[in-house]
Amino acid sequence: MSGGIFFEIAKRNIRIHMLRSSLAMLGIIIGVVAIASMGILGNSMVLAVSESLRTVGDSVIITPHVGGSAHGFGGGGGIGGASSLTITEQDFLQIKRVSAPNIAIPVLQTSDRMKLGVGSDDIVAAIYGLNPDDVPDLLNLKEGGYNRANSGCLVGSKFAEDHNVKVGSRIAIGTDGDKGTLRVTGIIEERGMAFDVSTDSAIVVTRDWFGGAYNRNDYDKVVVKVKNLDEIADVKTAIEKQLNRRDTIVDVMDTRKTMETLFTAFGQITTFVTAIGGISLLVAGVSILNIMMMSVTERIKEIGIMRSIGAQKQEVMWMFLYEALILGVVGSLIGGVLSLVGGYAISSMMLNTTKYLFVPSSMVNIVYGVTFGIIICLICGIYPAWRAANLNPIDALRHE
Amino acid sequence: MVPLPETEQKVTAIMDDQPVMVFRDVVKIYPLPAGDVTALDRVSFQVDRGEFISVMGPSGSGKSTLLNLMGCLDTPTAGDIYISGTRIGDMSDEELTNIRRDRIGFTFQHFNLFPLLNVIENVTFSLMLRAGKDVGTKRAKEVLRSVQLEEHLYTHTPTELSGGQQQRVAIARALINDPDILLCDEPTGNLDSKTGTGIMELMTELNRKGTTIIMVTHDQNIASYSNRTIRISDGRIVA
Ligand SMILES: Nc1ncnc2c1ncn2[C@@H]1O[C@H](COP(=O)(O)OP(=O)(O)OP(=O)(O)O)[C@@H](O)[C@H]1O
Ligand SMILES: [Mg+2]
């Protein structure tokens, strides 16, 4: 084959028109970077969120229905401003019955002032009240032991870090410690944000202590841990049927479904943003088409000579396709490298981490971007190349 | 070298016993909206191996049309053209292209070298078309020596050469595949008379060594280098 000489000519033609070739390539580079880094960002976002939500994909969360049911007022609310809508003990027992054998965990929740040691400033933090029996099902400890006593509590890892709290530290709850002082028995593993309980910056006390301190005999939410993930939807339906027979008194959230919805939304956002990147690549393709047409028009005479001394149509065609391909491959590869840099920059800026960058599901976006860039260039080279190949040699020779 | 496909072997097989070119009642009509133009009207002639022929005639008489047909750039409306015994009447574009590559050498009034290629690459171009990129430079150097181009110019690009040097390179490029016939369109048209004389002496020398040459010219002095002159007027051969 004589491909070599035509490849060589294509290369040289790009080189002598360096400026316009570079500009066309710049378009390709920008398009590839746009596609790839948007894809990377979207994927990193999904990974970051799913990692922080990973622990809660197996729950059904029952909260009092917001929106005007008279049912379910109880307790008068906590001092820390908990919702006045709550779930009663009877409701909880019904939930427990229909979701068996899965574990139903009642949760009390408020926030209050507290003091860590004499003379320190008051802080405000979230307080969860849980049955000591339920805690091991919900939370893992990274230090110390579970608490069973009403005089003890657990703290979240971020809480411990921020306030320099250790196992054995004492926390005085309430304004001036009027709710009493608790001893820290354990520190909870980091859980990230969650639909059930977000304990990282909170403290966890016993339900009895909580009920006494805040005068509560009801719950703020119920978490049902579903062992078999395929049953999540069934459990949700059963609870809704049981409790919302007459009036809607609870909202039931299937965390897996919610996460799926969330990820679908992320996926759509990513697709949308990537599509914008794709449009910029299409625009770049048009500029490739443009310079290829210029290249053909300038070289009509040369094409005529080539044809007259024996170059076949498809050889002329390849000469121009090579040109488009070189621009496409070089531009796209540069774009690929830059999108790594771009992805790194965006990730560290927007997600404060780059650990989701060097994973296959992120890297594949670079492959997509580069491939798409090359394909666009090739497609945009086809028409000019076809035009060149099908020039009438006599007319082309006469062209000045 | 890769063996040529069968169809190519058929059209490229050399038949030395045949005349290099035969035109028999060749008609070329350009259909135009305003009416057909008969550029060539029943032209018949024969070119034997080793001839050096000039084609002369007034402007618009059909010289370029004739050259295009001889060079297999076009096919006749009627009549037959044979190149070394091969009829080119109803060949495909691909077959005609292969004939141009293997059997015909073309030079142009404006030299028309490839600006992106140096002298050696220009000369080996149609050899590369036939045999791939790595054809070496031996054959090119041989041909360049025969057109008397100084060796230090071999790696120069066309823009760095004088008109006469460019035309020598163009002739070398036309001869690289050892064609049956060398077709020259106004070979001295863009050269001063001294340089033109040099080119004509070169062509005479090439013809003496066996190259069959047909050239189109306006210049009676240039035509006098040839052995025979075909004169055309209004699409007909008049002498
Ligand atoms: N592609 C074409 N389409 C239509 N008519 C054409 C075409 N080429 C040539 N002709 C016509 O054919 C006739 C012969 O033209 P041709 O170019 O062969 O003349 P020529 O002898 O080469 O002239 P010149 O010396 O000016 O180059 C002219 O009348 C010309 O107008
Ligand atoms: Mg002419």
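B:Arg24 stands opposite B:Asp80, a residue of strand 4 of chain B. Helices (DSSP runs of H or I, at least four residues) and strands (DSSP runs of E, at least two) are numbered from the N terminus. Strand 1 (residues 21-30) and strand 4 (residues 78-83) of chain B are joined by five bridges in the antiparallel sense; two strands count as paired if DSSP finds at least two bridges between them.

These strands belong to an open sheet of four strands in chain B, with the order 2-1-4-5 and antiparallel pairing. Strand 2 (37-47) and strand 5 (86-87) of chain B stand at the edges with a single partner strand each, so one side of each has no neighbour in the sheet. Strands of a sheet pair through backbone hydrogen bonds, either parallel or antiparallel.

## Basis of the model

The model is predicted: local features need pLDDT of at least 70, side-chain atom pairs count only at pLDDT 80 or more, and totals for chains, interfaces and linings use all residues. Residues are numbered from 1 along each chain as its sequence is written, chains are lettered from A and ligands numbered from 1 in the order in which they are written, and side-chain values use heavy atoms, with hydrogens and water left out.

## Overall form of chain B

Chain B contains eight helices and 10 strands. The radius of gyration of chain B is 18 Å, close to the 18 Å that the globule rule gives for 239 residues, so chain B is as compact as a globular protein of that length. This radius is taken over C-alpha atoms, and the globule rule is 2.2 Å times the number of residues to the power 0.38. The C-alpha trace of chain B spans about 50 × 45 × 40 Å along its principal axes.

Of the 239 residues in chain B, 54% are buried, where buried means under 20% relative accessible area, exposed over 50% and partly exposed in between (1.4 Å probe, protein chains only). Contacts (heavy atoms within 4.5 Å) are counted in chain B at a separation of 6 or more, and 73% of them involve residues 24 or more positions apart. Chain B has 24 positive and 31 negative side chains, with the centres of the two sets 2 Å apart. Here Lys and Arg count as positive and Asp and Glu as negative, while His and the chain ends are not counted; each charge is placed at NZ of Lys, CZ of Arg, CG of Asp or CD of Glu.

Helix 2 (residues 63-70) of chain B is mostly covered, with seven of its eight residues buried. Among them are B:Lys63, B:Asn68 and B:Met70. Just after this helix, B:Cys72 adopts a positive phi of about 60 degrees.

B:Leu149 occupies the loop between helix 5 (138-146) and helix 6 (163-175) of chain B. Its relative accessibility is 5%, and B:Leu149 therefore counts as buried. Beyond its neighbours within four places in sequence, B:Leu149 is in contact with B:Val119, B:Leu144, B:Tyr154, B:Gln165, B:Arg168 and B:Val169. B:Leu149 and B:Arg168 are 19 residues apart in sequence, with their C-alpha atoms 6.8 Å apart.

## Overall form of chain A

Chain A has 12 helices and 10 strands. Its radius of gyration is 33 Å, whereas a compact globule of 400 residues would have one near 21 Å. The C-alpha trace of chain A spans about 100 × 55 × 35 Å along its principal axes. Of the 400 residues of chain A, 50% count as buried.

## Strand 8 and two buried residues of chain A

In strand 8 (residues 202-206) of chain A, five of five residues are buried. Strand 8 runs parallel to strand 3 (residues 122-130) of chain A, with five bridges between them, and A:Leu130 stands opposite A:Thr206. Strand 5 (residues 152-156) of chain A is joined to strand 8 by two bridges in the antiparallel sense; A:Leu154 has A:Val204 as its bridge partner.

A:Asn102 lies in the loop between helix 3 (89-99) and strand 2 (103-115) of chain A and is buried, at 7% relative accessibility. A:Glu302, in helix 9 (residues 300-308) of chain A, is buried with a relative accessible area of 10%. Not counting residues up to four places away in sequence, A:Glu302 touches A:Ile9 together with B:Phe114, B:Pro115 and B:Leu116 of chain B.
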